[in-house]
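Thanks for coming, everyone. Let me put the structure up on the screen before I start talking.

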Amino acid sequence: MRDIYYKQLTYNDLTIEGYSRAAVQTFWRIPEYHLGFDLGAQPWEFMGTANWFLSHTHLDHMAMLPSYLARRRMMKMEPPTIYMPEKCVDAVAKLLRAWTILDGGRLPCELCGLKAGESFDFSRELVVEALGTTHRVPSLGYVVYHRRKKLLPELATLSGHEIKALKDSGREITYEIKIPKIAYLGDSNPKGLDDNPIFYEAEVLIMEMSFVENRHQSSKIHRYGHIHLDDVVERRERFQNKLIIASHFTARSVAAKIRECTEKKLPGLLDGRLRLWL
């Protein structure tokens with residue numbers, strides 16, 4: 001039996017696991033990539049994942065950070081790496097020092113601050129880029145790219161022997177392409193999407209759609225850094241993603257109402273590409 005509820009979806013060669021409800025908890029994991037997004041909760045099965053990307057520091061997105069660190073320490077696992085907006089690092093470090101005093105045990109980890117637009121080689125095959133989003137506190141979204149080498153087009157007609165000879169001579173025979181596989185918006189109003197077109201292009205987009213009902217006013221929602229269903233409807237032609245996971249729904253709307261409103265305004269749920277994570 002799971003200690004914390006979450007859902008799981010297989011998409012091609014990837015597994016997407018997690019759960020998100022506004023003001024309750026948000027956490028996601030892509031086990032094949034050995035990384036996760038946000039730590040609003042931490043199922044025991046996720047403890048082996050050692051790389052986490054925090055979108056921002058609201059409690060429903062990071063409340064389980066101290067417990068996760070303590071568990072790994074007790075299990076004698078290597079300290080994990082926690083990525084987050086650069087402006088948050090000092091405050092999070094102070095928080096962990098306070099928890100160390102209260103708990104009486106160390107909370108070892110590496111805190112890595114990232115700036116909007118910064119990218120780095122996460123592994124041999126993966127590149128992660130941090131994107132600026134728009135919320136009430138400093139926030140980032142993330143895109144994970146799969147990096148591949150392809151043969152230069154002008155060499156396509158050569159034989160394998162000829163290509164090997166060129167490579168042995170020191171000539172570059174390939175070029176690199178980066179495929180945006182997973183994009184994670186975190187909490188943001190629509191500006192976070194519009195300022196970063198890659199969110200619309202990634203194969204899989206995990207996004208918030210906190211509000212869906214007409215009684216929720218978009219102007220107020222945007223001011224607090226969130227997205228309404230109407231924002232998605234307005235931009236429906238821009239979403240080129242093969243899979244869009246909508247989540248982080250307000251606890252003030254029940255699941256049946258969320259589904260009813262979404263299916264009414266988006267019949268067919270964007271040709272079946274939109275999944276409501278309820």
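This is a predicted model: local features need pLDDT of at least 70, side-chain atom pairs count only at pLDDT 80 or more; totals for chains, interfaces and linings use all residues.

Residues are numbered from 1 along each chain as its sequence is written, and side-chain values use heavy atoms, with hydrogens and water left out.

Okay, holes. On a 1 Å grid over the protein atoms alone, a cavity is a set of points where a 1.4 Å probe fits but cannot get out; a pocket is an open set with protein on both sides within 12 Å along at least five of seven lines; and lining residues have an atom within 4 Å of a point. Points are joined across faces, edges and corners, and a volume is the space filled by probe spheres set on them.

Helices (H or I, at least four residues) and strands (E, at least two) are DSSP runs, numbered from the N terminus. Nonpolar means Ala, Val, Leu, Ile, Met, Phe, Trp, Tyr, Cys and Pro; charged means Asp, Glu, Lys and Arg; the others, Gly among them, are polar.

The largest pocket holds about 410 Å³ of space. Of its 20 lining residues, Phe211, Tyr224, His226, Thr250 and Arg252 are the closest to the centre. The pocket lining has six nonpolar, eight polar and six charged residues.

Over to Trp44, in the loop between strands S4 (35-39) and S5 (51-53). Trp44 counts as partly exposed because its relative accessibility is 44%, where buried is under 20%, exposed over 50% and partly exposed in between (1.4 Å probe, protein chains only).

Last, the backbone. Asp38, in strand S4, isn't a glycine, yet its phi is positive, near 65 degrees. At 0% relative accessibility, Asp38 counts as buried. Leu270 also has a positive phi, about 55 degrees. You'll find Leu270 in the loop between helix H9 (255-265) and strand S14 (274-276), and at 10% relative accessible area it is buried.
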